[in-house]
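Please work through the following exercises with the sequence and the coordinates at hand.

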Amino acid sequence: MHYQNIYKATFLARPNRFIAKVLLEGEELTVHVKNTGRCKELLVPGCTVYLEKSNNPERKTAYDLVTVEKAVEDRPTPRLINMDSQAPNRLFGEWARAGHFKPGLTLLRPETTWGNSRFDFYWEAGERKGFVEVKGCTLEERGWTYFPDAPTQRGVKHLEELLKARQAGYEAAVCVVIQMADVEGFSPNDRTHPAFGDALRKATAGGVEVLAYACDVTLGEVVMTHPVPVKL
């Protein structure tokens, strides 16, 4: 996926989960944050962020905050992390339709309801069919990545419903889209939400597949690239 009209700015503060104060070319602006998660380890006062300017003149905020630089110990340059929460589903869709997901894929339908959940994707490939729930991951510590960065009962519910779908004869998968490059692997964040980790391990034991893919991130483009090890 691509971004246009990118501007470099300095992060100042985040009054609430929807907006941030930034300094752009000497002017303090209010911008929209395209991620309602906490992201406290990313949005540190004084850090460098990147904004996409909207083409809609009617918007209250002219810019979206989409990418952030994170300083990393023993690394000469900061880690570039995409924090657009709408990106993972778009990235998975592009990746799957490009032939990287299931051989012979004939249908990939977003936002499909089954049981008590609406899954991110339903797919068909010949006689095979299944559901995929996509999770965007921006939390990194010493090269290892974790999800979630805050408790998510909704995420636990999705895992439970994926397990039910698997038991009903569908294939089922969780795809963690890691919105950065150069990472060593992925694990559930048991420190923050042990119930999610327990649900993920239970789902895996029941046949739900867990995928984790890193991304190449530049200021104008984000691309899903390669799988990384998953440690549950």
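The exercises below concern overall dimensions and salt bridges.

The model is predicted, so local features need pLDDT of at least 70, side-chain atom pairs count only at pLDDT 80 or more, and totals for chains, interfaces and linings use all residues. Residues are numbered from 1 along each chain as its sequence is written, and side-chain values use heavy atoms, with hydrogens and water left out.

**Exercise 1.** Determine how the radius of gyration of the protein relates to the globule rule.

Solution. The radius is taken over C-alpha atoms, and the rule is 2.2 Å times the number of residues to the power 0.38. For 232 residues the rule gives a value near 17 Å; the protein has 18 Å, which agrees with a compact globule. The C-alpha trace spans about 60 × 40 × 30 Å along its principal axes.

**Exercise 2.** Locate the partners of the salt bridge between R79 and E140, and classify their burial.

Solution. A salt bridge requires a side-chain nitrogen of Lys or Arg within 4 Å of a carboxyl oxygen of Asp or Glu. For R79 and E140 the closest N and O atoms are 3.6 Å apart. R79 lies in strand β6 (residues 79-82) and E140 in strand β10 (residues 139-141), 61 residues apart; strands are DSSP runs (E, at least two residues), numbered from the N terminus. Buried means under 20% relative accessible area, exposed over 50%, partly exposed in between (1.4 Å probe, protein chains only). R79 is buried because its relative accessibility is 4%, and E140 is buried because its value is 5%.

**Exercise 3.** Classify the exposure of R191 and E141, which form a salt bridge.

Solution. The N to O distance is 2.8 Å. R191 is exposed, at 63%, whereas E141 is partly exposed, at 30%.

Notes
Helices (H or I, at least four residues) and strands (E, at least two) are DSSP runs, numbered from the N terminus.
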